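Please read it alongside the sequence and the model shown here.

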Amino acid sequence: MKLKLDIDPDIVAMMAAEVAAGERAVTAAMREAGTGLKTAWRLQITGAGLGARLANSIRSQNFPKSGESLDAAALVWSKAPVIVGAHDTGPLIRSKDGFWLAIPLPAAGKSLRGGRITPGEWERRRGLRLRFVYRRTGPSLLVAEGRLNTKGQAVVSRSKTGRGKVTAPIFLLVPQVKLPKRLDLARDAERAHDAVPGLIVANWVEAKL
């Protein structure tokens, strides 16, 4: 017994069109999901008061970079993963050398290199020596003898009479600090993941209309 199977060219064309529609739907869905997650993470960061600069460190990339595929994917990441990750997990931070963490107070000013100023940099820039003050209750201090300028920062006093001279707290010293958890990136990632099937169906139906 011999069977012969003929495939209607119209059916082949319909199958090819359906695959192409699927490729377009999946690619569009992943693009929407990736863009949506990037936007959600950026809004979380700015909403937590961490600034637009850190928010803009969130980037996204679609794969394939060109064309359409049933295996399309989206990658969302941060160009500042250590900082973003710290605010996402709320880690316990300890000094690398096992001593104190120096937290600058307003009188310390800012670092010329960006970020927080260190006691060593502060002494080199201000020309003042820091003095350790132990406190039994509360954080210990690094203080300096000088005057406060119009910005509230401690500087060298030029007064020969000592007028305006103060003992200014420059750094708080703590053995460790618990960074508060200010972000929940996993929440938005789960929402984006759960939305993918619906996005695929929506884009597939739209392509047929």
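Of the 209 residues of the chain, 31% count as buried, where buried means under 20% relative accessible area, exposed over 50% and partly exposed in between (1.4 Å probe, protein chains only). This is a predicted model, in which local features need pLDDT of at least 70 and side-chain atom pairs count only at pLDDT 80 or more, whereas totals for chains, interfaces and linings use all residues. Residues are numbered from 1 along each chain as its sequence is written, and side-chain values use heavy atoms, with hydrogens and water left out.

**Fold and contacts**

- The chain holds five helices and nine strands, which are DSSP runs numbered from the N terminus (helices H or I, at least four residues; strands E, at least two).
- Read from the N terminus, the order of the elements is α-α-β-β-α-β-β-α-β-β-β-β-β-α.
- Among contacts (heavy atoms within 4.5 Å) with a separation of 6 or more, 61% are between residues 24 or more positions apart.

**Nonpolar cores**

- The largest nonpolar core has 14 residues, of which Trp41, Ile45, Leu50, Leu54, Val84 and Leu183 touch the most other members; such a core is a set of buried Ala, Val, Leu, Ile, Met, Phe, Trp, Tyr and Cys residues joined through side-chain atoms within 4.5 Å.
- Helix H1 (9–47), helix H2 (52–55) and helix H5 (185–208) each give two or more residues to this core, and H1 gives the most, with three residues.
- Leucine 50 touches Ile45, His87, Arg182 and Leu183, when residues up to four places away in sequence are not counted.
- A second, separate core of 13 residues includes Leu130, Ala144, Ala154 and Phe171.

- The chain exposes about 14,300 Å², of which carbon and sulfur atoms supply 58%; accessible areas come from the Shrake-Rupley method with a 1.4 Å probe, and for residues only the protein chains shown count as cover.
- Phe99, Trp100, Phe132 and Tyr134 make a nonpolar surface patch of about 500 Å².
- Patches are made of residues with over 30% relative accessible area and no salt bridge, with like charges joined within 9 Å and nonpolar side chains (Val, Leu, Ile, Met, Phe, Trp, Tyr) within 5 Å; a salt bridge is a side-chain nitrogen of Lys or Arg within 4 Å of a carboxyl oxygen of Asp or Glu.
- Tyrosine 134, in the loop between strand E5 (131–133) and strand E6 (140–148), is exposed, with a relative accessible area of 56%.
- Tryptophan 100 is partly exposed at 39% relative accessible area, as is phenylalanine 132 at 42%.
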